[in-house]
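Please read it with the structure open beside the text.

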Amino acid sequence: MSDSTGTRRRRLSVRRLGDHASLVAVAVFCLGPFYWMVVSSLRRTQDIFDSAPLPSPVSLDNYRAVFQPGNGFVRALGNSLVVAGVTTILTLIVGVFAAYALARLNFRFKRPVLALIVATSMFPGSLLIVPLLKLFTDIGWINSYQAMIVPNLSFALPLAVWNLTAFFRQLPFELEQAAMVDGCGAGQAFRKIILPLAAPGVFTTAIITFVVAWNEFMIALAMVNDQDMKTANVIVAQFTGQHGFDQPFGTQMAAGVVVTVPLVIAVLVFQRRIVAGLTSGGLK
Amino acid sequence: MTAYGGAGPLAGPARRVGQGRLAVALLSPTFAVLAVVIAFPIVAAVWDSLRVTTEGLNADGLVVQGERFGGLTNYTNLFSGAAGDRFRTALGNTTFFTVTTVAIETVLGLAMALLMHRAFRGRALFRAAVLVPWAIPTAISALLWRWIFATDGVANTILGRQVLWTADGIQAKFAVIIADTWKTAPFVALLVLAGLQVIPREVYEAASVDGATGVRRFFRITLPLVKPALLVAVMFRMMDALRMFDLPQVLVGAREPAVETLSQLAWDEATNLRYGPAAACATLLFGYIALAAYVFVRLLGADLVGDREARR
């Protein structure tokens, strides 16, 4: 008796060890490359091809190089912030109304409408870029924020509507009904009851939308050729070193860390909520 | 439908009409935006794809450019001559990347999800780790992998050989596949994990009592029950892979036959002001994505938006 429980315990602990080892492998797989970006960004230019797991000596040269005025990196970060921020705000304002209707109201063609909205997020960006590039050239929008923000809505809005619909639907219907029995109109019930309760869902959607908009590259690359209007992703991808043709990897990694770290921190802090948002949407 | 607030003294056709009006009002801003950023570009792209640029001499003997209706010229041009080779290569690359990355990411993502599902301690930590590749912009992660795959980079140090990863040829394809897998396999894992978590524990207990082995439990219980979540994940991955742009563009470069995708080709043509061929290429890509989605849903019965809606 005691012998067999001993074996079982041993087998369990072996299994647990295997689990832990595999989990560590998963974590290394996910975080390893990111770690390498951070480590590389902290090397001196002459040590950049070192493959030691820790930089020695630690140097901030690359960060200094990134923030050199000539690079326009600070300006680019500001551009990214404007584009992603405005995209997020517009998306939420428009998306909240649609999601409320889809989640809480009773009307015909509800399912086709939702399916249609989700389907719009599947069009290839390159299909949209051809006519929009032409249109924006004609109306003089090239090198403007709106030339990046407006096409961004095509990716962000369907995602936000789908996410918000899932959140709104989780709220109990009795709340609204009680409010309406008490004489609130649908609009009032929405403003006073639903919106405050859905605030966490709206916030989650805001983070996800912001990450998606911050990561956008194709449109920003096509719509802007003025150095002062480029977003951070584009500027970093186009960094050229002081020495001509060789790629300034150290500087690029440092810039990559600066562009990425705020998002990584946000993701770590709001991890639970983001997962809830992504999986309830079931959609990137 | 009974769940949708139809009960009580407020139910009735009059109320439904009122809600319908409100719904139209609330949905119209979204549709107005989508009309501008989706519907207009699609119609315009199809229109552009049917127009050709012509050059001729005007009365003063100067070259003038004009546009005229060209029927399917832009489409047929995509299949012939040097442009045809480039288009076929891009089509092949797009298909190859989609099939390989989605297959690898599905298997890897499923394995990672099963692992994370078993671990009780530290699950939150691993979910956070999984989100890191998702949060890094694709363009930045492409640079990161370009650095890892540099001639003197860490990949070659670890392998102990000198592979020219991002130069050209099959290695460049591998580099794209590896980088894409890193970014999105964790994401597939996350979606599958969500599917795993709704499987009731009792199902497994009953199976254990009946003496089902681990492998059998996986194929007979886990896989069928997680299938809806898995198919949705695969479907969205597939559509994303078909329009891949940032990763090959930054990791390897534009106009590289080894990795050029249809999105890159269309983008390159559009930014060089060859709108007709660009639009034709993008339209074909759109048709390809729609066809792939349709076949996928038909063959595998993917649980799409509408169906999932209906069940709730």
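Predicted model: local features only at pLDDT ≥ 70, side-chain atom pairs only at ≥ 80, totals over all residues.

1. Helices here are DSSP runs of H or I with at least four residues, and strands are E runs of at least two. With that in mind, residues 128-148 of chain B are 90% helix and 0% strand, with the end C-alpha atoms 23 Å apart.

2. Another of them, residues 96-116 of chain B, is 100% helix and 0% strand, and its end C-alpha atoms are separated by 30 Å. Chain B as a whole contains 13 helices and two strands.

3. Of its 312 residues, 50% count as buried, and its accessible surface comes to about 14,400 Å², with carbon and sulfur atoms contributing 65%. Among contacts in chain B with a separation of 6 or more, 65% are between residues 24 or more positions apart.

4. For chain A, the "transmembrane region" annotation, likewise taken from an unreviewed UniProt entry, covers residues 21-39, 81-101, 113-133, 153-172, 193-214 and 249-270. In the model, residues 81-101 of chain A are 100% helix and 0% strand, with 30 Å between the end C-alpha atoms, while residues 113-133 of chain A are 76% helix and 0% strand, with 28 Å between the end C-alpha atoms.

5. How much area do chain A and chain B bury between them? The figure is about 9,000 Å², of which 77% is on carbon and sulfur atoms. Within the part that chain A buries against chain B, Leu23(A), Asn106(A) and Met122(A) supply 8%, more than any other three residues. The contact involves 99 residues from chain A and 95 residues from chain B.

6. The domain assignment divides chain A into domain 1 (2-41) and domain 2 (69-279), and the C-alpha centres of these two domains of chain A lie 36 Å apart. Five residues of domain 1 of chain A are in contact with eight residues of domain 2 of chain A, and the area buried between the two is about 470 Å², with carbon and sulfur atoms giving 89%. Phe34(A), Met37(A) and Ser41(A) supply 82% of what domain 1 of chain A buries against domain 2 of chain A, more than any other three residues.

7. The largest nonpolar core has 182 residues, and those with the most contacts inside it are Phe73(A), Ile129(A), Phe168(A), Met223(A) and Trp134(B). Because domain 1 (2-41) and domain 2 (69-279) of chain A both give residues to this core, it lies between them. Leaving aside neighbours within four places in sequence, Ile129(A) is in contact with Met218(A), Ile219(A), Ala222(A) and Met223(A), and also with Trp267(B) and Ala270(B).

8. Is Ser154(A) buried or exposed? Ser154(A) counts as buried because its relative accessibility is 1%, and buried means under 20%. Ser154(A) sits in helix H6 (residues 145-170) of chain A and, residues up to four places away in sequence not being counted, touches Thr120(A), Ser121(A) and Leu128(A), together with Val37(B) and Ile38(B). The C-alpha atoms of Ser154(A) and Leu171(A), which are 17 residues apart along the chain, are separated by 27 Å.

Technical notes:
Residues numbered from 1 in each chain as written. Chains lettered and ligands numbered in written order. Heavy atoms only, no water. Buried < 20%, exposed > 50% of the residue type's maximum accessible area, 1.4 Å probe, protein only. Contact = heavy atoms within 4.5 Å. Areas by Shrake-Rupley, 256 points an atom, 1.4 Å probe, with all protein chains shown as cover. UniProt positions renumbered as here; feature names shortened; annotations may be inferred. Core = buried A, V, L, I, M, F, W, Y, C linked by side-chain atoms within 4.5 Å. Domains from an automatic or database assignment. Buried area = accessible area lost by both parts, 1.4 Å probe.
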